[in-house]
Amino acid sequence: MADKDAVTKEYMQDNEVFADAFNFLLYNGEQVIKPEQLKPLDTAQVVLPYGSGEQSIPEQRYRDVLKTATAMTDDHVAYLLLGIEDQSEIHNAMPVKNLFYDAGQYVKQVEEAAKSHRKNYDKPESSADFLSGFYSTDKLLPVITLTIYFGADEWTAPRDLHSMLAADAHILQFVDNYHIHLIAPADIVDADFVKFHTELSLALKYMKYSKNKEKLGEIVQTDSAYRNVSRKTADLVNIVTSSNLRYAEGKESVDMCQAIEDMKKESVEKGVLQTLADLVKDGILSLADAAKRANMSISEFQAKTGLKA
């Protein structure tokens, strides 16, 4: 079984899915960020503390997905740095993790501005320009990190920095808070899944009800979109939810409804075979009788159950 984190990371790298997630978060589903306006960035971050010297130890981390984006609403254009952190499990320190990534991106922008001024021999207009290398006319691109939790459970971990601090209200007012931006299936009401415009909606809805087999079966049966799901989406939900669905190799689309029915049938068949095998082991049935009841030859029954003559 493929690694869950690797599968979710690969899935969210797709520009259409990436844009869909951020349009849901930022614009209530309106298609403001276009897939063709997204450009991938290096996900490696090396952060060296200010005042670096021989004792400074650089920190290197890797984001899951990072892209530049251009968002246009009416006559206003916004240039953004957008990152996604995929979580197949709940992470108790997500605010600190994302804060590190965001701060690292701002540090990198400041360093790049200073490097550009040095390269172009730009004359600083003030001592503040000279000391920081970041001129008063420079501006930073906003950095937004979105956490997507691919799980059925409620997100019970902290959603902001203050929730992680051992301090009273008086102290907290002097500590800037940091909130994570989170998409979690359990948080999404069913009516809001239509705000997604890619199969991310089908994946998240499947995950939301993956532990409620009756409700999941009802949703997959009634929503015709599940009868023609891309292979990458089917693989995503199958791996992340450990559904053990069976479908043909090599096909570009999957009928999830049929896959679930086949899984149920296979489960029943395995249960029947196991019961017959147990009866043989207990001496209640002969191997020939058990094979006959399973509509199999003796050799087939032995192959399926592992029984020996």
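1. What share of the contacts in the protein chain with a separation of 6 or more comes from residues 24 or more positions apart? The answer is 57%. Keep in mind that this is a predicted model.

2. For the overall picture, the protein chain has 11 helices and 9 strands. It runs to 309 residues, and 40% of them are buried. Its accessible surface is about 17900 Å², with carbon and sulfur atoms holding 52% of that.

3. Have a look at L146, which sits in strand β6, residues 143–149. Is L146 buried or exposed? L146 counts as buried because its relative accessibility is 0%, and the cut-off for buried is under 20%.

4. Who does L146 touch, once its neighbours within four places in sequence are set aside? The list is A21, F22, L25, G83, I84, E85, H181, L182 and I183. Take H181 from that list: H181 is 35 residues from L146 in sequence, yet their C-alpha atoms are 5.0 Å apart.

5. A21, F22 and L25 from that list bring us to helix α2, which covers residues 15–27. A21 and F22 are among the buried residues of α2, along with V17, F18, A19, D20, N23 and F24.

6. At its start, a side-chain oxygen of D14 comes within 2.9 Å of the backbone nitrogen of E16. Just after the helix, N28 adopts a positive phi of about 55°.

Note on methods. Residues numbered from 1 in each chain as written. Predicted model: local features only at pLDDT ≥ 70, side-chain atom pairs only at ≥ 80, totals over all residues. Heavy atoms only, no water. Helix = DSSP H or I, 4+ residues; strand = E, 2+ residues; numbered from the N terminus. Buried < 20%, exposed > 50% of the residue type's maximum accessible area, 1.4 Å probe, protein only. Contact = heavy atoms within 4.5 Å. Areas by Shrake-Rupley, 256 points an atom, 1.4 Å probe, with all protein chains shown as cover. Expected span 1.5 Å × (residues − 1). Polar contact = N/O pair within 3.5 Å; in protein donor to acceptor, adjacent residues only side chain to side chain.
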